[in-house]
Amino acid sequence: MKFKYILFLFLGILPLFPAFARNEDKPNIVIFMADDFGLGSCVPYGANPSLIRTPAIDRLAASGLTFDDAYVTASVCSPTRYAMLTGRYSWRSRLQFGVINPMDPALIDPATPTIASFLKELGYQTSHFGKWHLGYKEKTFKNLLGDLSPAPNDLGFDYHFGVPNNFDDTHKVWIENDRVYGIRSDKISAYGRSFYGKPYFGYDAPQRNEVEVMQECTDRAINWVDNMDEDKPFFIYFASVAVHHPIMPSERMRGTSNAGAYGDFIHDVDYAVGQLRDALELRGLLENTIFIFTSDNGGDIPTDETKPENQAIKAGLDINGGNRGDKHLIYEGGLRVPFILSWPKQVDAGNRTDAFVTTADLFATIAEVVSGKVPPAKKAAPDSFTFAKVLKDPKAESTRPIGVYRDVHGRKAVRFGEWKFIDNFNARENKRKGPIELYNLEEDPKEENNLAETNPEVVQRGQQLLEAVLSSDSSRGLKLN
């Protein structure tokens with residue numbers, strides 16, 4: 001029997017996974033977060049295999065559990081990553097709209113618990129590779145010279161090697177722990193330009209080669225695994241830079257899809273998943289590793305019809321799985337994401353679940369799995385709801401009662417049951433822009449029919465729920481059903 005648990009009425013629900021009391025029994029954890037990777041961009045979620053192939057993601061799904069009702073908490077990068085790592089909605093921080101800019105200070109307060117700091121206290125070795133996009137230092141800065149603290153090392157990560165912001169950010173260097181990687185001096189030349197024309201700083205340090213970033217991050221992650229203490233479990237947060245623009249697939253993948261450069265770039269994501277998974281299997285670590293594949297938001301569809309994303313769409317690739325909208329927006333296309341979890345030792349292979357989850361729920365779920373309980377909301381992860389029981393029973397419901405989302409403008413939405421309420425208050429401009437919207441997602445998953453005028457009582461309920469969460473310190477402490 002894979003899951004041994006005891007239910008004591010006087011204690012309530014005990015942990016589903018009490019076997020993991022000793023370090024040698026605790027599962028390793030890998031969170032692979034792709035960038036701008038829409039719901040319809042891999043085969044397990046309906047992508048046409050004649051256009052793109054995702055064999056590694058396919059194998060992950062075949063060996064684990066695929067979630068068909070998974071969301072992010074924001075349709076853009078930084079707020080999703082903040083919520084995933086902290087289990088806390090991003091608008092509880094200073095980030096009310098937009099994302100972290102290249103010179104912005106650290107968004108996560110070092111006093112705020114993260115998945116990494118929580119696991120580190122339990123004896124885990126922790127690391128981050130790839131895109132960060134959550135800021136460095138205490139105040140707005142002019143450059144990345146000197147000590148970058150607060151940095152990921154101050155947030156529970158033993159090791160950090162990554163890209164400061166986006167794939168094509170203005171810094172164009174790597175960050176290792178709390179410094180620019182390989183920095184030789186404090187000299188900064190005048191702005192240079194990359195070969196595709198974007199300006200960048202001229203730090204006296206090794207410059208990133210965009211087409212090699214995915215492989216460099218993957219190699220670094222595998223090397224880190226090879227140099228770990230074998231007697232301790234590990235946590236890897238791998239943040240892929242693909243498929244964020246500019247669409248620049250590796251030389252290895254160029255021309256391998258039938259969806260143009262964008263399809264080739266999807267192949268780079270899949271290849272990295274496969275390399276990491278195969279490396280763990282080769283080292284005998286895969287059996288007791290929780291490997292999660294997801295995305296930070298839906299796919300980005302530019303208005304320029306000549307862009308690779310639109311070329312892929314013209315070829316037949318439905319990037320966001322038929323949902324309305326894309327990255328930046330408050331609609332399902334920007335919020336619904338792929339979410340696959342494999343754990344060969346404990347989770348039965350090849351199942352799908354309709355349990356409603358968000359990437360912010362990873363904190364509470366991981367906490368319950370590795371420690372036997374979810375930390376009190378006043379101490380950590382106030383907006384994270386555990387779905388640990390779904391790993392045991394794919395037909396079970398998650399503990400999440402509602403979901404609250406925001407878009408790039410700070411507009412918010414709340415999903416409760418089959419309903420989705422959108423307030424259309426633009427936080428960036430501090431005013432309402434557009435009418436209140438209400439959709440029945442079961443009957444109208446593409447959000448084509450605004451039912452707000454004919455369902456005033458449902459609108460009122462949506463407003464009440466949203467206000468309750470916005471005015472609280474913790475949605476986990478509220479009665480929201």
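Which residues in α4 meet which residues in α5? This note starts there, then moves through the rest of the predicted model.

1. **The α4–α5 contact.** From α4, the residues are M214, Q215, T218, A221, I222 and V225. From α5, they are D268, V269, Y271, A272, Q275, L276, A279 and L280. Sort the residues of this contact by type and you get 10 nonpolar, 3 polar and 1 charged.

2. **How the two helices lie.** Two packed helices are described by the angle between their axes and the distance between the axes. Helix α4 covers residues 213–226, and helix α5 covers residues 260–282. Their axes come within 10 Å and cross at roughly 10 degrees. Angles under 35 degrees count as roughly parallel. The two helices are therefore roughly parallel to each other.

3. **A look at Q215.** Q215 is in helix α4. Leaving out residues up to four places away in sequence, Q215 touches R252, Y271 and Q275. With R252 there is a polar contact, side chain to side chain, at 3.2 Å. Y271 is 56 residues from Q215 in sequence, yet their C-alpha atoms are 9.1 Å apart in space.

4. **Strand β11 and its partners.** Strands of a sheet pair through backbone hydrogen bonds, either parallel or antiparallel. Strand β11 (residues 289–295) shows both kinds of pairing. With strand β1 (residues 28–34), β11 pairs in the parallel sense over 7 bridges. With strand β12 (residues 339–342), β11 pairs in the antiparallel sense over 4 bridges. Find F291 to see both links. V30 stands opposite F291, and S342 in β12 is the bridge partner of F291.

5. **β11 is covered on both faces.** In a regular strand the side chains alternate between the two faces of the sheet. In β11, one side carries T289, F291, F293 and S295.

6. **A four-stranded sheet.** Now go towards the end of the numbering used here. 4 strands form an open sheet in the order β15-β16-β17-β20, with antiparallel pairing. The edge strands are β15 (402–406) and β20 (437–440), each pairing on one side only. On average, neighbouring strands are turned by 15 degrees against each other, direction ignored. Helix α10 (residues 456–470) packs on this sheet. The helix touches β15, β16 (412–416), β17 and β20. The direction of α10 makes about 110 degrees with that of β16.

7. **Walking across the sheet.** Start at β15. 5 bridges join β15 to β16, and R406 stands opposite K412 in β16. Next, β16 pairs with β17 over 4 bridges. There V414 stands opposite F421 in β17. Strand β17 (residues 419–422) then pairs with β20 over 4 bridges. F421 stands opposite L438 in β20.

8. **Two hairpins.** The hairpin of β15 and β16 has 5 residues between the strands, and G410 takes a positive phi near 85 degrees. The hairpin of β16 and β17 has 2 residues between the strands. In that turn, G417 has a positive phi of about 60 degrees.

9. **β16 is buried too.** Are the residues of β16 buried or exposed? 5 of its 5 residues are buried. K412, V414 and F416 lie on one side of β16, and A413 and R415 on the other. Note that K412 and R415 are among the buried residues.

10. **Two cis peptide bonds.** The bond from S149 to P150 is cis, with omega near -5 degrees. P150 is in the loop between β4 (125–131) and β5 (159–163). A cis peptide bond also joins H245 and P246, with omega about 5 degrees. P246 is in the loop between β10 (234–239) and α5.

11. K137 has phi near 65 degrees, a positive value in a residue other than glycine. K137 lies in the loop between β4 and β5. A381 is not a glycine either, and its phi is positive at about 50 degrees. A381 lies in the loop between α8 (362–371) and α9 (388–392). Why do both count as buried? Buried means under 20% relative accessible area. K137 counts as buried because its relative accessibility is 15%. A381 counts as buried because its relative accessibility is 2%.

Methods. Residues numbered from 1 in each chain as written. Predicted model: local features only at pLDDT ≥ 70, side-chain atom pairs only at ≥ 80, totals over all residues. Heavy atoms only, no water. Axes fitted to C-alpha atoms, helices over the stretch in contact; angles between N-to-C directions. Parallel < 35°, antiparallel > 145°, perpendicular 65-115°, else oblique. Contact = heavy atoms within 4.5 Å. Nonpolar A, V, L, I, M, F, W, Y, C, P; charged D, E, K, R; others polar. Pairing = 2+ DSSP bridges. Buried < 20%, exposed > 50% of the residue type's maximum accessible area, 1.4 Å probe, protein only. Polar contact = N/O pair within 3.5 Å; in protein donor to acceptor, adjacent residues only side chain to side chain.
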